[in-house]
Amino acid sequence: MGGLDEAFIQAPEHRPKTNLADSGDFAFSDEIPTIDLSSLKDPDCDKTAIATEIAEACERWGFFQVINHGLPFDLRRWVEKAAADFFDLPMVEKRRVKRDAVNPMGYHDEEHTKNVRDWKEVFDFFLQDSTIAPATPEPEDTELIKLTNQWPQSPSDFREICQEYAREVEKLAFKLLELISISLGLPGDRFTGYFKEQTSFLRFNHYPPCPNPDLALGVGRHKDGGALTVLAQDTVGGLQVGRRSDGRWISVKPIPDALIINIGNCMQVWTNDKYWSAEHRVVVNTSKERFSIPFFFFPSHETSIEPLEELISEENPPCYKRYNWGKFFVSRNRSDYKKLQVENIQIDHFKA
């Protein structure tokens, strides 16, 4: 990606500590909870015990790792290799499937977070091909568009592996959604209806070595917009989470074959701030490339996001006004391609 252009340079208060970023040897923390899902293999298992663990993690952190989650290890290896092989292609090949403001799926290497360019390249694809979304973020515009994936010619089995992985990670996402619902004292299927025509997508992230990791970030500080995210990462490390209690950046320790789960804005709103959508970022280093694969579990475009009526009362009034997910999703995408003059849309804009 060449030398460090000023577009990548973070404001001084948001730059990572030099001793973390330069060495590539991160001061990993064990504070993020790890939850064992192996008991779910028993059809008669009592899910409340796992749900209780998830509740505590969602309240304190908004992040947790899961082990024995059922996602096939071989499939994960195949999709990781497919991602690495794709990013290893010549730039001219990758840009044959370059995405733009009209088609948000495909290859991209100029994404911005908080109006600063990220030190990374990505490949995105929808879980459902095609996916329906609003044509514009304008509230009065009712036009819908059909968005489709772009697939490279190489690697030859790329599309097949991506789609198989997507189907498997979706199964896990629905299991987690059920457990989160149970953790709130709600029926396990309380959220399911929001995802019948979902806008979920998967992303391959590639973070190359960076000449100035003390100035740039792989991904700047942000909160995920959807319900939850399921992240597969390699062993290099670089993900940092803002601790809810004091905002301090905590480096998430990679656990072999584990998956990292985090709560998104939709879940924070649905739970009326009981569960926390944590700010997070990715630091880079001078010597090691890093790969990760997040699955962004997003509801259907017509879903109205507001605190669940079962969770609000006179003592706990709604913290947010209702908003439409599709319009929120489309508005968020605008900032991926250029620096905007205004802050990107946030759930705080819908505070009651």
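Tutor: A residue is called buried when its relative accessible area is under 20%, exposed when over 50% and partly exposed in between, using a 1.4 Å probe and protein chains only. Helices (H or I, at least four residues) and strands (E, at least two) are DSSP runs numbered from the N terminus. The model is predicted, so local features need pLDDT of at least 70 and side-chain atom pairs count only at pLDDT 80 or more, while totals for chains, interfaces and linings use all residues. Residues are numbered from 1 along each chain as its sequence is written, and side-chain values use heavy atoms, with hydrogens and water left out.

Student: What else is β10 joined to?

Tutor: It is also joined to β7 by 6 bridges, and those two strands run antiparallel. In that pairing F123 stands opposite F204 of β10.

Student: Why is β7 described as largely enclosed?

Tutor: Because 6 of the 6 residues of β7 are buried, the strand is largely enclosed by the rest of the structure. Both of its faces are covered, with E121, F123 and F125 buried on one side and V122, D124 and F126 buried on the other. Strand β4 joins β7 as well, through 3 antiparallel bridges, and G106 has D124 of β7 as its bridge partner.

Student: Switching to helices, how many residues of α7 are buried?

Tutor: For helix α7, residues 325-333, the count is 9 of the 9, so the helix is largely enclosed by the rest of the structure. Among these buried residues are W325, K327, F329 and R332.

Student: What covers them?

Tutor: Taking contact to mean heavy atoms within 4.5 Å, the cover over the buried residues of α7 includes β7 (121-126), β8 (131-134), β10 (201-207), α6, β18 (304-305) and β19 (323-324). At the start of α7, a side-chain oxygen of N324 reaches to within 3.0 Å of the backbone nitrogen of G326.

Student: Back to β4 for a second, where is E111?

Tutor: You will find E111 in the loop between β4 (106-108) and β5 (112-113). Because its relative accessibility is 6%, E111 counts as buried.

Student: New topic: where is T271, and is it buried or exposed?

Tutor: The loop between α6 (265-270) and β16 (280-282) holds T271, and with a relative accessible area of 2% this residue is buried. A polar atom of the T271 side chain lies 2.9 Å from the backbone oxygen of M267. Leaving aside neighbours within four places in sequence, T271 is in contact with L184 and L311.

Student: What does D273 touch?

Tutor: D273 is placed in the loop between α6 and β16 and, not counting residues up to four places away in sequence, touches R244, Q268, C319, Y320 and K351. Its side chain makes a polar contact with the side chain of K351 at 3.0 Å. D273 and C319 are 46 residues apart in sequence, with their C-alpha atoms 7.4 Å apart in space.

Student: Last one: what is the strand order in the open sheet?

Tutor: The order is β1-β14-β13-β16-β11, and the pairing of these 5 strands is mixed. Strands β1 (28-29) and β11 (219-222) stand at the edges with a single partner strand each, so one side of each is left without a neighbour in the sheet. β1 runs parallel to β14 (residues 249-252), joined by 2 bridges, and F28 stands opposite S251 of β14.

Technical notes
Polar contact = N/O pair within 3.5 Å; in protein donor to acceptor, adjacent residues only side chain to side chain. Pairing = 2+ DSSP bridges.
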